[in-house]
Every structure is written in structure tokens, then in C-alpha cells.
Amino acid sequence: MSEKFDVIVVGAGPAGTSCAYTCAKNGLKVLQIERGEYPGSKNVMGGVLYRKQMEDIIPEFWKEAPLERPVIEQRFWMMDKESAVSFGYKGLEWGKEPYNNFTVLRAPFDQWFAKKGVEQGVLLINETVVLECLTENGKVVGVRTDRPDGEIYADVVVLADGVNSLLAKQLGYHKEFRPDEVALTVMEVINLSKDKINDRFNLEDNQGCTIEIFGDSTKGNLGTAFIYTNKDSVNIGVGTTLSSMIKAKLKPYDLLDYLKTHPMVRPLIEGGESAEYLAHLIPEGGYHSVPKVAGNGVLLAGDAAQLVNAIHREGSNMAMASGTLAAETIIAAKERGDYSETSLNQYREKLYQSFIIKDLEKYKDAAHTFEHYPQYFKEYVPMLNRAANKFFTVDGTPKKDKQKEIMKSFTSERGTIRVLQDMYRAWKAVK
Ligand SMILES: Cc1cc2nc3c(=O)[nH]c(=O)nc-3n(C[C@H](O)[C@H](O)[C@H](O)COP(=O)(O)OP(=O)(O)OC[C@H]3O[C@@H](n4cnc5c(N)ncnc54)[C@H](O)[C@@H]3O)c2cc1C
């Protein structure tokens, strides 16, 4: 392929396709390269797709995209061995247009989204690996693929090649991950009939539910588990930071087995058949881990730029929003005919003015805090469960006495000062 493109986008996940789609829609000549057999074939996601960022790209996409269920309920469980303290929100308005978010299966969704890009004029080639970025005088000028005669040239190369961006590493933008900057997550898609899902999760057709589970789901280590309802399957997964996994000598597949057989979880998935088993990394380093995102002739978007808000499990929306901002930057750069780092640095400014970096900045100390003070997941979750058990057990003890006993148990287990310090530190980390 000897022709030159305006843009080469590496990767056909949400970041790459958002960028490719927007560039092509604005008349740019775009080549998108995906190593998988088709977009979505190599992608892993718990499954919540956020409406807002997708709608900004394709208005009313829910009328034609392959979605599973609109999410009308979000539950959170602080789980112990045989109990869980739960809270959440269920809102029927989320089941109506314009919706809040949806569960999706990435294989059909990514294929559909990439096809929309192709309809705008993107040239998408699958089953092709980009091996390296080509540079001339310090400027990225194209890519070398694993195809014969695989050198292709463009004014800008967008690296949307996911969490472990080897291309960003090759350019020196990424270093090797520290084990506390990345989470290893395993998940399973379990087929279950629509009726069983509706009964077990208290839903009607076309209503979805998400459950995020902390505490015993990760054996008290920093991380979460999730259960999301699809039309006739359930996604269940669990992950912890790599550092927690190493420290506690956990094996990810053992954790998933533990979760699936946990007495709080087992009844929800009983009788289901495993359809898929997946494992993937999530960049969870947040604000401090965001690398250089713009250089001479190159931009980084989505997971490749480490743009994930782990606290709110937002990744796909940040990928889409960053891909779109990258596209807008390239369109403006083409008008100026300037693809230098100074010109493309507009992307960095846009990112830092958007919800993406603002949200990452808000939680910039959260990962560090919860990693270094393990009591939040290890001690407070069981304490909370014991307190709830005491409070809700009717045994003739006056409620005021129960309250006093609970407060005493909290402070005697960890000491008043330490409890106050822990609360203040947690509040500071997420305020
Ligand atoms: C278990 C799990 C659960 C998650 N749950 C959620 C959730 O519920 N909601 C949410 O919003 N986010 C979630 N996330 C995060 C979300 O999946 C990611 O943030 C999002 O997929 C990032 O999109 P991306 O386009 O940047 O990268 P990816 O989706 O990873 O896409 C990168 C693409 O690049 C391709 N590629 C890589 N290298 C090359 C190469 N050299 N040449 C050609 N192609 C290449 C890959 O094949 C891939 O298709 C979850 C992640 C995991 C692992």
C-alpha cells in the first residue's frame, strides 16, 4: 500500500473507532488497522457502555446499535463471608429515552461501531498487526505492519492500541507498568435464560442491573467484582491490582471461582452455562500515570493513554471522548497544515479541560490510599457487616444500646484515633 493517508488509527476499540469515524466524517482520508479477526474479537469489558459519549458521536445510536439492556439499577455490595451490606439506586426513567447507560457485548458492538466508521469512508483492515511507528527526523510519519510491503504513511498516527500499548512504549511515551498501576481482571459470560435473569435480578424485559461487589469478592484485597445482566446472559468478573495479586499470592481464576461459589452470588448464576472466559488488564494508575499524549505526528487515546476512572468503572466512555478530541485536534491541524508536537498539543489541552482529566485528578490519590491502607477492604467491610447484623437482629436489646455497642466495637477494634484518621484519609482520597 503506497498511498499516503491523513490519519492512521491503530486499534478498532472505542477510542480508535471514535477517532476514525469523526475524522472520516469530516472528509479526512483514514486508515484504521486492527490486529483482531474483526473489531471486538480481542476486546474485553465488564459491559457498561455510557450513553452520553456514544450519543455525542452517533445521535440516538440506541435505535440501531446491538445493545443488551438499558441499566435501570446500580447496586453496590460490601460483602463478607455470609452477608452483604448493600445500597444502590433503581430508576425507571433510566429505562426510557434517552437512557443513562447500557450493557453490551463487545464483539457485536465493536463490529457495528466500526461499520459505521466504514460507512463514513474509513478504510478498515483487520488481521493486521502494527509492528512499529515509522519516524523521520523525530516525527512519526507512518507505521510498519506485518503485511508484505507493510509500510504505510500518514500525517498523523493515532495510537488507540489499548492498555499495553507496545507502540507507545517503542516511542518512549510509556514505561513498564508498576504492579500497582494496573489491575488484572478475569470475567466470564454465563448464559442464563431471560426469565431467570428477570426473576433473580427483579427486572422486566429490556431492563438491566449492575452489581459492584467489594470486600470478600477479592478476599479483602484492593479490587472489585461485578455482575452485569445482558439479555440472556450475565457477565461476572473480578480483578485486583497486580500488586495485590502478587502480595496476597492470588490467582485470578481462583478468585473468579471463589466469587461464583460465594453464597451471596451463587444463587444468581446457578444453572447458567459458561459461554466465554476472558482476562485483561485495566490501566488503573489514574491521573499520575497518564503519559505524554501528543508528539510530532502522533497522538495517544483511550487505554493507550491510561484514561480509565476505576472508581466509577468508566473506560469505554473516556476512550470515546478522547478519540473524538484526538480527531478534532487532527482536523484543526490539517487546516493549519501543521502536525508538529506544538500543534497537536491542542489535544492535551482539550483532554485536560474535559471531564476525563478532571475526574482522574479528583481521584488522583484514591488508588494509592486504598492500596497502602488495606484496612478499608480487609477490616471495615467485615466490621460494617457485623454492625448491620447486630443492628437488624431483633433480640430485645434497646436500639440505643445497640448503637452504643456498635460504635464501641468500631473504636475498640481499631482505636478511636485510627478510625477517625481512616475516615479522614478516605474522604480526602475521594472528595
Ligand atoms: C474486565 C474489564 C471490565 C471493564 N468494564 C468496563 C465497563 O463496564 N465500562 C467501561 O466503560 N469500561 C470498562 N472497562 C474498560 C474498557 O474496556 C476500556 O477502557 C476500553 O475498552 C478502552 O478502549 P480502547 O479503544 O482504548 O482499547 P481497546 O478496547 O483495548 O482496543 C484496542 C484495540 O487495539 C487493537 N490493537 C492492539 N495492538 C495493536 C497493534 N499493534 N496493531 C493493530 N491493532 C492493535 C486491539 O486488538 C484492540 O482491538 C473494562 C475493562 C476490563 C478489562
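Reply: Around the ligand sit 36 residues, and the closest are E34, G46, R106, D303 and S316; a residue is near if one of its heavy atoms lies within 4 Å of the molecule. Bear in mind that this is a predicted model: local features need pLDDT of at least 70, side-chain atom pairs count only at pLDDT 80 or more, and totals for chains, interfaces and linings use all residues. Residues are numbered from 1 along each chain as its sequence is written, and side-chain values use heavy atoms, with hydrogens and water left out.

Now the polar contacts (pairs of N or O atoms within 3.5 Å). S316 puts a polar side-chain atom 2.6 Å from a ligand oxygen, and R106 has one 2.8 Å from an oxygen atom of the ligand. V130 uses its backbone instead: a polar atom there is 3.0 Å from a ligand nitrogen. On its own the ligand exposes 1,000 Å², of which the protein buries 95% (Shrake-Rupley, 1.4 Å probe).

By type, the shell splits into 17 nonpolar residues (Ala, Val, Leu, Ile, Met, Phe, Trp, Tyr, Cys, Pro), seven charged (Asp, Glu, Lys, Arg) and twelve polar (the others, Gly among them).

As for where they come from, α1 (14–25), β3 (48–50), β15 (273–283) and α9 (316–336) each give at least two residues, with β15 supplying the largest share, three. These are DSSP runs, helices being H or I of at least four residues and strands E of at least two, numbered from the N terminus. Domain 1 (4–67 + 104–174 + 291–353) and domain 2 (179–283) each contribute at least three shell residues; the bounds come from an automatic or database assignment.

Terms used. Polar contact = N/O pair within 3.5 Å; in protein donor to acceptor, adjacent residues only side chain to side chain.
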